[in-house]
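This report describes selected features of one protein structure.

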Amino acid sequence: MSAPAGIPLVDLKAQFATIANELREATVKALERTDYILGGEVAEFEKEFAAWTGTKHCVACASGTDALMLAFRSLGIGAGDEVVMQANTFVATPLGAILGGARPAFVDCDPKTLQVDIAAMEKAITQKTRALVPVHLYGQAVGKNLGAAGDGGALTTNSDEIAQKLKLLRNYGSVVKYVHDTFGTNSRLDTIQAAVLRVKLRHLTKWVDARQAAAARFHELLAGIKGVTLPAPCGKEEHCWHLYVVRVEERDRVLKQLQDAGVGAGIHYPIPCHLQGAMKDLGYRKGDFPNAEATAGKILSLPIYPEITGDQQKRVAEELAKAVKK
Ligand SMILES: *Cc1c(COP(=O)(O)O)cnc(C)c1O
């Protein structure tokens with residue numbers, strides 16, 4: 001008996017198949033024009049992404065980490081300043097602050113929604129606090145569903161002044177070539193990535209709708225399974241379901257059993273930021289953020305992507321039910 005085809009955590013091939021021709025056309029055009037750095041496609045992508053997000057400006061850059069770092073620097077946040085954020089996020093969030101010269105101040109998450117505990121955030125504010133960073137974890141409210149063909153990042157703002165500063169900072173601190181009045185860095189979105197992103201942006205609303213439909217299907221399929229805690233939305237805000245994260249006991253065993261059965265599950269994220277070796281100089285200890293720590297041992301991300309089929313989801317649900325039973 002041959003094993004049934006596996007279900008990956010994310011299926012980028014399925015997505016590529018739906019837009020292959022559009023991508024070929026857009027990327028070849030960009031290559032032929034040879035305006036590889038800050039080319040026309042970048043400006044067009046910035047215009048279109050600002051419109052999609054309903055903001056006045058978008059400034060594209062090289063990665064999400066850089067976007068965070070540039071955001072802090074554009075606001076003059078650096079040495080001696082603190083930036084408050086939750087401990088249960090991807091390590092790039094504190095890195096963005098640290099690369100900008102500031103210090104991340106971690107707080108705990110809400111035990112139900114796993115989003116930042118707003119009250120804890122308020123309590124963490126000190127004389128040194130210059131920014132609060134609420135991460136839209138797993139895609140609650142906004143998220144991370146527009147991927148490039150490699151690295152890319154973007155910032156949006158309604159401020160003309162900040163947009164102008166960001167454009168300086170991402171390009172060596174320069175508007176006029178070889179004239180540098182500010183310190184900047186090299187963090188530009190490649191033109192070819194902008195061409196890819198413009199193609200994908202045309203599909204993004206439809207893809208978010210498909211993720212929401214898939215999440216609704218998971219809610220139904222998993223509702224009756226004892227021992228599986230479903231994701232708890234914060235409230236009426238939209239969730240774009242970048243990840244579908246349930247909680248189970250004996251998570252590592254359940255994860256292994258799913259993976260052995262061909263179901264690609266994952267953990268986002270297994271180690272809270274304050275317990276990462278790279279952050280040890282910040283002086284945090286185990287026990288500082290009990291919710292973030294407890295949750296790290298229980299969370300389990302199930303496969304979700306716009307192209308996932310009902311049958312695939314059914315199989316995920318069946319395998320998960322089997323795994324939590326024993
Ligand atoms: C992905 C991510 C980042 C970093 O983005 P990169 O493009 O990988 O640099 C930062 N913060 C959070 C919460 C993320 O999920």
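## The second largest pocket

The second largest pocket is lined by Asp110, Thr113, Gln115, Val116, Ile118, Pro134, Val135, His136, Gln140, Ala141, Cys234 and Glu237. On a 1 Å grid over the protein atoms alone, a pocket is an open set of points with protein on both sides within 12 Å along at least five of seven lines, a cavity is a set where a 1.4 Å probe fits but cannot get out, and lining residues have an atom within 4 Å of a point. The volume of this second largest pocket is about 220 Å³, where a volume is the space filled by probe spheres set on the points, and grid points are joined across faces, edges and corners. Its lining comprises six nonpolar, four polar and two charged residues; Ala, Val, Leu, Ile, Met, Phe, Trp, Tyr, Cys and Pro count as nonpolar, Asp, Glu, Lys and Arg as charged, and the others, Gly among them, as polar.

The model is predicted: local features need pLDDT of at least 70, side-chain atom pairs count only at pLDDT 80 or more, and totals for chains, interfaces and linings use all residues. Residues are numbered from 1 along each chain as its sequence is written, and side-chain values use heavy atoms, with hydrogens and water left out.

The largest cavity holds about 140 Å³ of space. Its lining consists of 18 residues, and Thr113, Tyr138, Pro231, Ala232 and Val245 lie nearest the centre. By class, this lining has 11 nonpolar, five polar and two charged residues.

The second largest cavity has a volume of about 40 Å³. Among the residues that line it are Asn88, Tyr138, His268, Tyr269 and Pro272. Helix H9 (residues 290-296) supplies the largest share of this lining, three residues; helices (H or I, at least four residues) and strands (E, at least two) are DSSP runs, numbered from the N terminus. Seven of the lining residues are nonpolar, three are polar and none is charged.

## The sheet and its helix

Three strands make up an open sheet with parallel pairing, in the order E3-E2-E4; two strands pair if DSSP finds at least two bridges between them. Strand E3 (103-107) and strand E4 (129-133) are the edge strands, each pairing on one side only. Strand E2 (residues 82-86) runs parallel to E4 and is joined to E4 by four bridges. Within this pairing, Val84 stands opposite Leu132 in E4.

Helix H4 (residues 92-99) packs on the sheet and touches E2, E3 and E4, contact meaning heavy atoms within 4.5 Å. The direction of H4 makes about 175° with that of E2; axes are lines fitted to C-alpha atoms, for helices over the stretch in contact, and angles run from 0 to 180 degrees between N-to-C directions.

## A salt bridge between helices

The structure contains 15 salt bridges, each a side-chain nitrogen of Lys or Arg within 4 Å of a carboxyl oxygen of Asp or Glu. One of them joins the side chains of Arg198 and Glu41 at 3.0 Å, N to O. This pair links distant parts of the chain: Arg198 belongs to helix H7 (residues 191-222) and Glu41 to helix H2 (residues 40-53), 157 residues apart.

## Backbone geometry

Most residues other than glycine have a negative phi, and most peptide bonds are trans. Thr34, which is not a glycine, has a positive phi of about 60°, and Thr34 lies in the loop between helix H1 (12-33) and H2. The peptide bond from His268 to Tyr269 is cis, with omega near 10°. Tyr269 is placed in the loop between helix H8 (251-260) and H9.
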